[in-house]
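Colleague: I would like to learn how to read a protein model step by step. Could you take me through one?

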Amino acid sequence: LIYGDLQNKVIGISTRTPAAALDIVSTGTAANVYAQIWRDSTGLIVASMTATGDIAQSGVLTSNGAGNNYFAGSVGIGTSPSVKFHNAGPAILANNTAIDPDTYANSVIAGYITDGGLNITAIGGKASNAGANWAIGHNNIDLIFAAGDATSANTLQTFMQATWKRNLALVPVSGRVGIGLSAATIPDQMLTVAGSISQSGVLISSGIGDNYFAGKVGVGVTAPVSKLQIAGDLGLGDGTLTGNQVVTVWLQNNSGAPRVPGELVVADTSADDGFTTTTVGNDAKVLGIVYEAINTGAIGRVAIHGVVLAKCPSSGGSTRGNNVTASTVAGIAASDTNTNKIGLWLQTVAAGSCSGGSMGRVLLR
């Protein structure tokens, strides 16, 4: 049973031709036939090797050599592995072709994560409830931060993305971004901020939509007491002669007929907050000039300050520098030196050129 070759320093068990210092031949070829068994002093089996090469041991396996260790198949800790490295404890580190976090509850995974259309090389994980998964990884271009909605499976979506150009984008599923919101609050705009915003650069709004401020606005003032408070001068226009603008007020058309831009109007003495027309020259009740078309009984804007177009008198035209006053024709401004003026003519329009509703520029003040 035991053969020793002292010259070659080899020992064979069940073989007369040992090929190693210790060469053992099993008594069979099945997986349940043991080639070697190691026992402690009490006779308890602590390690073994089967005829098929399987090793079982209850102690610590130590590899202190300088070379690399290699496993051709999969490795499982506490389980039969389903991936290259599978830990059945509270955490799992995996490297597989495609991994869905929903498959591994209470686990941490690493590899090529696929969930909800998101495919990234990442480290990620999942809590016990459906959809509560997360991942941090890359798509070969950007750094991706993703999370699920904690209610349904296959919902992993990007919420933050950083590019190699050092740009950082918040990309929620809805396309909206919320800052400082409670966990249950969904942003109602593309950017919703719960709190104050401080910035030292230039704030640019290049969209064509309207901008809205619910509270007060201060320009050069940190605590405005009015809806709009400006510490400094106020310019109405874009810096060009044709870009000057006006200040308007909202009044009701009580004239009994639709009014068009450029018509001069006076205060209605029979009703509050309204205007009408007059045929009284140099009328002292002149308010301003209609800024937009206003139907009968409707509320619309009337210019009271700034540069605006006014209908000029057909007889005599207008002369720059003359006063803007009421004429004897309803809605038509006069060009004269009377005292009840609301402004000055900035443009000379030749006599006869004002017929057909022609207008000239005036400065209301």
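Modeller: We will go from the whole chain to its strands, and then to some charged side chains. This is a predicted model, in which local features need pLDDT of at least 70 and side-chain atom pairs count only at pLDDT 80 or more, while totals for chains, interfaces and linings use all residues. Residues are numbered from 1 along each chain as its sequence is written, and side-chain values use heavy atoms, with hydrogens and water left out.

Colleague: How many helices and strands does the protein chain have?

Modeller: Helices (H or I, at least four residues) and strands (E, at least two) are DSSP runs, numbered from the N terminus. In this model the protein chain has 0 helices and 27 strands.

Colleague: What share of the residues in the protein chain is buried?

Modeller: Buried means under 20% relative accessible area, exposed means over 50%, and partly exposed lies in between, with a 1.4 Å probe and protein chains only. Of the 365 residues in the protein chain, 28% are buried.

Colleague: What is the strand order in the open sheet of 3 strands?

Modeller: Two strands pair if DSSP finds at least two bridges between them. Here the order is β1-β2-β3, and the pairing is mixed. The edge strands, each of which pairs on one side only, are β1 (2–5) and β3 (22–24). Strand β2 (residues 10–13) runs parallel to β3 and is joined to it by 3 bridges, and Ile 11 has Leu 22 in β3 as its bridge partner.

Colleague: Which strands does β20 pair with?

Modeller: Strand β20 (residues 264–267) runs antiparallel to strand β22 (residues 286–290), with 3 bridges between them, and β20 also pairs in the antiparallel sense with strand β21 (residues 274–276), over 2 bridges.

Colleague: Where does Glu 263 lie, and is Glu 263 buried or exposed?

Modeller: Glu 263 lies in the loop between β19 (246–253) and β20, and Glu 263 counts as buried because its relative accessibility is 8%. For its neighbours we use contact, which means heavy atoms within 4.5 Å. Not counting residues up to four places away in sequence, Glu 263 touches Gly 288, Ile 289, Val 290, Lys 311 and Gly 331.

Colleague: Which residue meets Glu 263 in a salt bridge at 2.5 Å?

Modeller: A salt bridge is a side-chain nitrogen of Lys or Arg within 4 Å of a carboxyl oxygen of Asp or Glu. The side chain of Arg 259 meets that of Glu 263 at 2.5 Å, N to O, and both residues are buried. Arg 259, Glu 263 and Lys 311 are linked in a network of salt bridges.

Colleague: How many salt bridges does the structure hold?

Modeller: The structure holds 4 salt bridges. One of them joins the side chains of Lys 285 and Asp 283 at 3.2 Å, N to O; Lys 285 counts as partly exposed because its relative accessibility is 36%, whereas Asp 283 is buried, with a relative accessible area of 6%. Glu 292 forms a salt bridge with Arg 301, where the closest N and O atoms are 3.4 Å apart. Glu 292 counts as partly exposed at 23% relative accessibility, and Arg 301 counts as partly exposed at 28%.
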